[in-house]
Amino acid sequence: MSYDNTCKYLAETYPADFARWLLASETTDIEVLKTELTLEPIRADSVTFLQIANTILHLEFQTTAKSTPPLDFRMLDYYTRLKRQYWCEIKQVLIFLQPTSSEIVFKNQYVDTNTTHRYRTMRLWEEDPTPLLANPALLPLATLARTESPTDLLTQVAAAVDMIEETDERQNISACVQVLAGLRFEKNLITQLFSEEIMQESVIYQDILQKGLQQGLQQGEAQGKKQEALALILRLLIRRFSAIKPEVEQQIRTLSITQLEDLAEALLDFTSPNDLVNYLANM
């Protein structure tokens with residue numbers, strides 16, 4: 001979830017940069033459209049309307065090739081919904097973030113008895129990192145690009161992040177870099193090159209954290225998987241406070257889904273373990 005939210009944040013915050021990268025389009029007259037499509041609601045990762053070109057750029061980011069329904073059919077489904085809703089040219093790019101040998105990452109079309117639908121597929125680990133390193137908006141994706149020396153590439157990304165002049169942008173891009181770098185690198189290397197404190201101060205880190213928690217809890221409630229939501233919250237609390245007392249953990253394990261949702265929002269404001277203890281005591 002955090003990887004999806006990171007990519008969505010980048011695509012929606014820097015739509016012109018993604019359009020230049022993927023479509024070679026220089027338009028600045030861009031509107032980010034809502035991602036919940038009509039009919040039976042489904043949510044796309046990123047839908048950008050390039051107004052001058054009268055074109056929609058639809059991006060899907062994937063960390064895994066597994067999907068129900070299959071990804072090639074999903075791309076057709078997104079296409080028909082977008083076409084019905086906006087009736088303009090639609091360009092679709094399915095971007096895979098992690099290397100895999102699955103056949104789906106080498107497909108660029110859906111084929112059925114009476115239908116063929118084409119889209120563009122990008123395997124990020126095969127992409128040249130040069131254009132990604134040259135653009136702050138694309139630096140997080142550069143961590144997953146083609147290289148013979150991943151450590152050197154991550155060092156280059158860290159140096160490029162340090163050169164971003166505006167503090168808030170530097171913090172947010174650094175947070176995105178660290179999230180996506182986690183798909184490829186060990187945590188120790190990432191923390192050597194990037195300040196975790198800066199990451200936690202960034203708006204995008206808080207946004208990713210909150211969205212990830214909310215999505216995880218909603219999925220857990222819908223699927224009856226309270227344990228998945230619980231595990232996510234405990235992992236984040238341990239990451240923030242290093243450890244939590246066994247009796248506190250046991251109290252958290254007894255919470256309902258609704259109470260876990262409330263805790264997910266509240267923990268963003270916790271600065272010490274005592275804040276957690278006091279919150280639970282007042283529930």
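Trainee: Where is proline 69 found?

Mentor: Proline 69 belongs to the loop between E5 and helix H3 (71-86); helices (H or I, at least four residues) and strands (E, at least two) are DSSP runs, numbered from the N terminus. The model is predicted, with local features requiring pLDDT of at least 70 and side-chain atom pairs pLDDT 80 or more, while totals for chains, interfaces and linings use all residues. Residues are numbered from 1 along each chain as its sequence is written, and side-chain values use heavy atoms, leaving out hydrogens and water.

Trainee: What makes the peptide bond that joins threonine 68 and proline 69 a cis bond?

Mentor: Its omega is about 0 degrees, and the bond between threonine 68 and proline 69 is cis. Most peptide bonds are trans.

Trainee: Why is glutamate 60 called buried?

Mentor: Glutamate 60, in strand E5 (residues 55-62), has a relative accessible area of 1%. Buried means under 20%, exposed over 50% and partly exposed in between (1.4 Å probe, protein chains only), so glutamate 60 is buried.

Trainee: What joins the side chains of glutamate 60 and arginine 74?

Mentor: A polar contact of 3.3 Å links the two side chains. The term covers a pair of N or O atoms within 3.5 Å; within protein, one must be able to donate a hydrogen and the other to accept it, and residues adjacent in sequence count only if both atoms are side-chain atoms.

Trainee: Is tryptophan 87 buried or exposed?

Mentor: Tryptophan 87 has a relative accessible area of 66% and is therefore exposed. This residue lies in the loop between H3 and strand E6 (89-96) and has a positive phi of about 45 degrees although it is not a glycine.

Trainee: How do you know that serine 242 is exposed?

Mentor: The relative accessible area of serine 242 is 64%, so the residue counts as exposed. Serine 242 sits in the loop between helix H11 (226-241) and H12, and its phi is near 75 degrees, a positive value in a residue other than glycine. Most residues other than glycine have a negative phi.

Trainee: Why are H12 and H14 called oblique to each other?

Mentor: The axes of helix H12 (residues 246-253) and helix H14 (residues 273-281) cross at roughly 45 degrees and come within 11 Å. Axes are lines fitted to C-alpha atoms, for helices over the stretch in contact, with angles from 0 to 180 degrees between N-to-C directions. Angles under 35 degrees are roughly parallel, over 145 roughly antiparallel, 65 to 115 roughly perpendicular and the rest oblique; H12 and H14 are therefore oblique.

Trainee: Which residues in H12 meet residues in H14?

Mentor: Val248, Gln251 and Ile252 in H12 are in contact (heavy atoms within 4.5 Å) with Leu276, Val277, Leu280 and Ala281 in H14.

Trainee: What makes H6 roughly antiparallel to H7?

Mentor: Helix H6 (residues 150-162) and helix H7 (residues 167-181) have axes that cross at roughly 165 degrees and come within 9 Å. H6 is therefore roughly antiparallel to H7. Leu154, Val157, Val161 and Asp162 in H6 meet Arg170, Ile173, Ser174, Val177 and Ala181 in H7.

Trainee: Why does leucine 124 count as buried?

Mentor: Its relative accessibility is 0%, so leucine 124 is buried. Leucine 124 lies in the loop between strand E9 (120-123) and helix H4 (130-133). Not counting residues up to four places away in sequence, leucine 124 touches Trp21, Phe96, Leu97, Leu132, Leu141, Leu144, Ala145 and Arg146. Alanine 145 is 21 residues from leucine 124 in sequence and 5.4 Å apart in space, C-alpha to C-alpha.
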